[in-house]
Amino acid sequence: MRRVTLTDIFLHPITQKYVKRSGVAHAIATAYHAYRLALQYGVNVDLATKAALLHDIGHYEWYSNGTWDYETYKQNDIHAIKGAERAHKLLIRLGEHPQHAKEIALAILLHTDSYLPEGELKRKPLQTIVKLADEADEEPGGKHHYRQIDDELALKKIQQLDRMVEQQLQRDALDQIS
């Protein structure tokens, strides 16, 4: 049984503050992509969906003259660094297993190459899943951060994904027994 659910994470005021800043619809869509990819690649669906939901929790608002400045963001942003720290702290506070919190934070840290030096980075499977899930929901010019979703519908989607994760974890546990 999981210590912390996606619903626990989603309803926390820290998540609400920072995920709303970077786009709730994008965070939820990325979590669903991560679920699908985790199944495909044999990665823990619980860790994948949590990391994907929180992957942009470190976003800073890059505005110029009252409007989002995508180019300034692309040149200067290090949201993955701040997000890894913020997510780790949140997960530990909520009671997540410390090793899981670390794995999730590292997946958030490495979900984008935007701040890394040029070159090839060797990612672990969970880290790759979160990167691919984020890319699966991207839109040109960062428009994926502006899609809207009703708060009630967002919560329903998170609760549905929680049920899917729980069912998959139960199937995985039965498979280990067999």
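Select Arg-86 and Tyr-18: the charged end of Arg-86 sits over the ring of Tyr-18, 3.5 Å from the ring centre. A charge is said to sit over a ring if NZ of Lys or CZ of Arg is within 6 Å of the ring centre and within 35 degrees of the ring normal. Next select Lys-157, which lies over the face of Tyr-32 at 5.9 Å from the ring centre.

The model is a predicted one, in which local features need pLDDT of at least 70, side-chain atom pairs count only at pLDDT 80 or more, and totals for chains, interfaces and linings use all residues. Residues are numbered from 1 along each chain as its sequence is written, and side-chain values use heavy atoms, with hydrogens and water left out.

Now display the whole chain as a cartoon. The protein chain has nine helices and two strands, which are DSSP runs numbered from the N terminus (helices: H or I, at least four residues; strands: E, at least two). Along the sequence, their order is α-α-α-α-β-β-α-α-α-α-α. The C-alpha trace spans about 60 × 40 × 30 Å along its principal axes.

Of the 178 residues, 44% count as buried; buried means under 20% relative accessible area, exposed over 50%, and partly exposed in between (1.4 Å probe, protein chains only). In soluble globular proteins, nonpolar side chains tend to be buried together. A nonpolar core is a set of buried Ala, Val, Leu, Ile, Met, Phe, Trp, Tyr and Cys residues joined through side-chain atoms within 4.5 Å. Select Ile-9, Leu-53, Leu-54, Ile-57, Ile-108 and Leu-126, which touch the most other members of the largest nonpolar core, a set of 40 residues. Helix α3 gives the most to this core, with eight residues.

Which residues surround Leu-53, leaving aside neighbours within four places in sequence? Leu-53 is in contact (heavy atoms within 4.5 Å) with residues including Leu-6, Phe-10, Ala-31 and Ile-158.

Select Gln-127 in helix α8. Gln-127 counts as buried, at 7% relative accessibility. The side chain of Gln-127 reaches the backbone nitrogen of Lys-124 at 2.9 Å.

Finally, select Asp-172 in helix α9. Asp-172 is partly exposed, with a relative accessible area of 30%. Asp-172 and Gly-23 are 149 residues apart in sequence and 31 Å apart in space, C-alpha to C-alpha.

Notes:
Polar contact = N/O pair within 3.5 Å; in protein donor to acceptor, adjacent residues only side chain to side chain.
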